[in-house]
Amino acid sequence: MNRLFTVCSRYCWRQSLPFDPKLKFSSKTHVVCFYSTQRQRQLSHASILHKLKHTKPLHQVHAQILVSNLADNVFLCNRLMNAYASCKQFDKAQIIFSGISKKNLVSWTILLSGLTKNGLLLEAVEAFYDMMVQEIRPNEITIATVLPAFGKLGVAQMGKSVHCYWIRHNFGDNVFVETGLVDMYSKFGFLKNARNVFDKMRVRNVVSWNTIISGYSENGFGDEALWVFNEMRRKGFSGDVFTFMSLISLGDCGVGNGVHGLIVKAGYENDQLVKTALMELYINCDFVDDACRIFKEIHKKDLVVWTLMLRGFSKSGDWRKTIDHFNEMIGEDEITLDSISLTTIFSGCSSSGALQQGRRVHALVVKTGFQDDIFVGSSIMDMYANCGSLIDAETYFESMGKKDVVCWNALISGYGMFGCGNKSVELFLNMKCLGISPDDSTLVSVLCACSHAGLVDCGLEIFERMSESWNMIPNSKHYACVVDLLGRGGRLNEAYSLVKRMPHQPGPEVYCSLLAACRAHRNFEMGDEISREIIQLRPKDVGYYVLASNVYALAGNWDCARTSRILLKSNDLRKNPGFSSIEVNGEMFTFMASQTCHPHYSEIKEFLKDLIFKIEAMGYQFDLNSVFSDVSDDVKKDILFHHSEKLAIAFGLMRTTTGSIIRITKNLRICDDCHLASKFISKAYGRVLAIKDANRFHIFRDGVCSCGDWW
């Protein structure tokens, strides 16, 4: 008897039979033996293919199938397809599928499974349609395989049709298909349909519960997600990692703390995915110290964890920890920076005004080969613009070969912060000439630029043409920009009329823009009305309450001012303390308002006394109206003396060389008094002060500010 000797013989079983010379075979026996051998080979190859997990032996078995004339066997071809798909060589699985002359349901199901798992969702839907056209009817496995493609692509009509097919053919209970339907409807946003399918399920497993919880969580129905989770526990299911991940993703810190306790109790506290999700939750809730503790507990830290902690330090405004963490991060041998980590550190440089460190990271971008990355490029431009080096932002923009809308937005916004409204509008119009479609952020940036530059008519024209020229419906942010535009131009009645005509309920940002205009133009009657509207909305942004309180204080209505502050506290909100940062020789120094514990305070205080005396001799006087507290004039002067901008300016004059630009970044709007003092300081010391507040840049030179005293 012939033996099968091939390159894959070590994967096949072989058998030797003793040879008998007297043994005779009839022709019928020959036929039986032939088919028996073929059947044995088929089963042997199928058995081997089921176990193979590596490419090389798979190629060997595939070659043996070809030389054994079994390439037309649909059973083996299906096994081959499945094996190649498992080895992540789905392109070869597709070639085998196309060569099968008589495809059966298994062939199509394997193809659909591979397409879905490899992210080829559109191709999966098309293949499913082709299968139905050829009148090959799907079974439970086929339907469960293709449902994720419908959900992710959002093809609701086709997904519903398959659901109807399932009901019409009375397949019965199947937890996999029914769970897939819940997931599909959740992806569509049809939560009622998803819940209807879920409630009718006779058999549910943990995956089924996780799917409906995840559906509620991803669609913003936090209360429903928690209710289902509690119901799940009442039914005896304790939940797994994916259950807790869905609950953490709700973004509610109170819920997150409770879930964290359950995670520890269930023994999942060392799971890397869970730790990463908890870190993100705490960072988003501004509990960076808690996130840092979890970070330190992770033994094997990947790039995602390092980048997440970097974002946390940057978001908290702690520049020293941010840069120390970044230096430690790039020192790790196993960590290779990507575009997200580079963008995160640029964001930190941008918010802190760390120009020198930003240049250093820019050099690192060139060294690591990310200079052509559009994502990183837009961050570099944003960094230069926010750090006060608009020329560098322009230069980098011109050097970019390929630009997307985010890159254009970064420079348009940069021009706006510097009060270069005409350049912003010109760049915006150039986008249209080059066929680049603006997005919502583009219109917000150009409208803000018009507002800062006083281009009222130009801004109004752009706003009125949004629907006609760019097919955009103005949202609350666009209305807030236009209200600010009209308010800065002194056209308060027009601004108020626009708010009243809005097609939807004005948000707090719209009322805030109008209230800021009332404060600037001392229209306290309208300001009182707008303040009441803001307080009724009960926004979660502390700045709205502070602004309302300040308007009441300016009007001398101290009772209402105190009421606004009380409401602020009753909503568990805290006013962010004012701080200013300055970079000296690559090191960041941050000064808090009224901070007397700074290590350089004694030196700064003496210098600042001389500075105030010097500019007072030139005509400067403290603007006591900039203090919105019912205290004595002496206390007001002391408060203004210790504003963070003045401390930072004094330190900059002490530590920087003559003729260099003093660059300061402030987290709040610069007050009238510090704005006035900065004009006198720039003239008295012959220095340029570039101060970036929450709204824009103020470039003080020879006693004049670039904002034209309107900000």
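## A buried leucine

In this predicted model, Leu308 has a relative accessible area of 10%. That is under the 20% cut-off, so Leu308 counts as buried. You'll find Leu308 in helix H17, which covers residues 303-316.

What does Leu308 touch, once its neighbours within four places in sequence are set aside? The contacts are Thr276, Met279, Glu280 and Ile283. Ile95 is another story: it sits 213 residues from Leu308 along the chain, and the C-alpha atoms of the two are 42 Å apart.

## Two helices side by side

Next, move along to helix H29 (residues 492-500) and helix H31 (residues 524-537). Their axes lie 12 Å apart, and the packing angle is about 25°.

Which residues make the contact between H29 and H31? H29 brings Leu492, Asn493, Tyr496 and Lys500, while H31 brings Met526, Glu529 and Ile530. Sorted by class, that contact has four nonpolar residues, two charged and one polar.

## A six-stranded sheet

There's also an open sheet built from six strands, with mixed pairing. Read across it and the order goes E2-E1-E3-E4-E5-E6. At the edges are E2 (587-592) and E6 (704-705), each of which pairs on one side only.

Strands in a sheet are held in pairs by backbone hydrogen bonds, in a parallel or an antiparallel way. E4 (residues 689-692) and E5 (residues 697-701) run antiparallel, joined by four bridges. For Ala690, the bridge partner in E5 is Ile699.

How values were computed:
Residues numbered from 1 in each chain as written. Predicted model: local features only at pLDDT ≥ 70, side-chain atom pairs only at ≥ 80, totals over all residues. Heavy atoms only, no water. Axes fitted to C-alpha atoms, helices over the stretch in contact; angles between N-to-C directions. Contact = heavy atoms within 4.5 Å. Nonpolar A, V, L, I, M, F, W, Y, C, P; charged D, E, K, R; others polar. Pairing = 2+ DSSP bridges. Buried < 20%, exposed > 50% of the residue type's maximum accessible area, 1.4 Å probe, protein only.
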